[in-house]
Amino acid sequence: MILISKYILNSIFLKRKNMGCCDGLSKCFLITFGILFLIFGAACLGGGIYVLVAKNDILILARSATDGAVDTIDAPSLIERAAHVLIAIGSFILCISFVGCCGACLKSKCLLRTYVIIVGLMIVLEVAAAILAAVFMTKMETYAKDNLQTMLIDNYIGPYATSNAVSLAFDLAQILLDCCGVVNRTEYASITTWNTTYAYDSGGGVYITANATIPLTCCQFNNKDAFPDEMTTFINSMVNNTCPVTQTGAHTTGCYEALKEEFSKYFNIMVGIAAGMGGLQIIGFISACCLMKEDRKNKDII
């Protein structure tokens with residue numbers, strides 16, 4: 001009888017010891033992933049704000065590419081919509097990460113259950129968002145190039161006038177992304193709406209007035225930041241002042257490919273981060289479930 005009693009007591013002790021190990025491991029995992037989610041949420045929030053603030057004028061081209069009309073340039077582009085989603089997701093993850101960490105530290109069944117439900121829904125929504133992102137990328141591939149070419153033909157007036165937002169956006173893109181035209185620089189030969197008059201110093205202070213074959217923003221400059229507020233400083237920083245006429249040293253890459261490469265670079269980074277964090281979310285989800293299960297078993301033993 002005594003041996004049986006010792007066996008039962010030892011079994012209960014070992015069981016509770018194993019549970020404590022699992023309980024501690026799950027708690028450690030959940031707190032670690034909660035901290036990682038906090039960092040990820042802050043990164044999403046900051047990334048979304050950066051996209052909306054940085055290079056705001058170039059985003060007009062993104063709007064034009066996806067909507068294809070001048071009267072829609074005030075509407076957000078797919079890139080800006082994605083930035084708004086990033087800000088919302090970042091703020092939400094910050095909150096839910098805090099809930100998860102508190103639930104793990106306090107072993108609060110209510111907080112842990114809330115965390116599990118919300119994280120589970122997030123995993124489902126992220127899968128749906130990945131599918132929608134793939135669809136939107138396909139849409140942009142299909143329509144963006146044609147829409148940009150139409151916008152260039154209908155709206156480009158040259159770098160000397162900044163009254164047209166679309167025209168200014170093309171000039172900024174050509175300067176900042178080292179590109180020319182939508183597909184290439186030969187497109188400007190068939191566009192008649194822009195000011196082709198160009199005067200340059202041929203040497204000794206002698207100025208020659210000629211017809212430019214490409215806008216001067218298609219050329220290389222040492223002081224890109226001067227455009228468009230300080231045009232004289234900007235023009236004087238041109239590497240080859242005959243470039244608009246002779247096209248010597250002009251950019252050869254089209255702005256469609258340059259924009260595509262620029263956005264794809266950030267998109268691929270976001271996809272990689274999202275995939276990594278998705279995996280961590282699944283582990284955090286499992287850890288929270290284990291923590292609740294171990295807590296229930298411990299209460300049953302007691």
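A cavity, in the sense used here, is a set of grid points where a 1.4 Å probe fits but cannot get out. By that rule, this predicted model has one cavity of 30 Å³ or more. The volume of the largest cavity comes to about 40 Å³.

Let me turn to the lining. The residues around the largest cavity include Pro159, Tyr160, Trp194, Asn195 and Thr196, together with Thr197 and Tyr198. By class, nine of the lining residues are nonpolar and three are polar, with no charged residue present.

Strand β1 covers residues 197-201. In general, side chains in a regular strand alternate between the two faces of the sheet. In β1, Tyr198 and Tyr200 make up the covered face, whereas Thr197, Ala199 and Asp201 make up the uncovered one. The partner of β1 is strand β2, residues 207-211; the two run antiparallel and are joined by five bridges. Within this pairing, Ala199 has Thr209 as its bridge partner. Five residues lie between the strands of the hairpin, in which Gly203 takes a positive phi near 125°.

My last topic is Gly48, a residue of helix α1, which spans residues 2-53. Is Gly48 buried or exposed? Gly48 has a relative accessible area of 0%, and buried means under 20%, so Gly48 is buried. Setting aside residues up to four places away in sequence, Gly48 touches Ala83, Leu86 and Ile87. Of these contacts, Ile87 is 39 residues from Gly48 in sequence, yet the C-alpha to C-alpha separation is 5.2 Å.

Notes: Residues numbered from 1 in each chain as written. Predicted model: local features only at pLDDT ≥ 70, side-chain atom pairs only at ≥ 80, totals over all residues. Heavy atoms only, no water. Buried < 20%, exposed > 50% of the residue type's maximum accessible area, 1.4 Å probe, protein only. Helix = DSSP H or I, 4+ residues; strand = E, 2+ residues; numbered from the N terminus. Pairing = 2+ DSSP bridges. 1 Å grid on protein atoms, 1.4 Å probe; cavity = no way out; pocket = protein on both sides within 12 Å on 5 of 7 lines; lining within 4 Å. Points joined across faces, edges and corners; volume = space filled by probe spheres on them. Nonpolar A, V, L, I, M, F, W, Y, C, P; charged D, E, K, R; others polar. Contact = heavy atoms within 4.5 Å.
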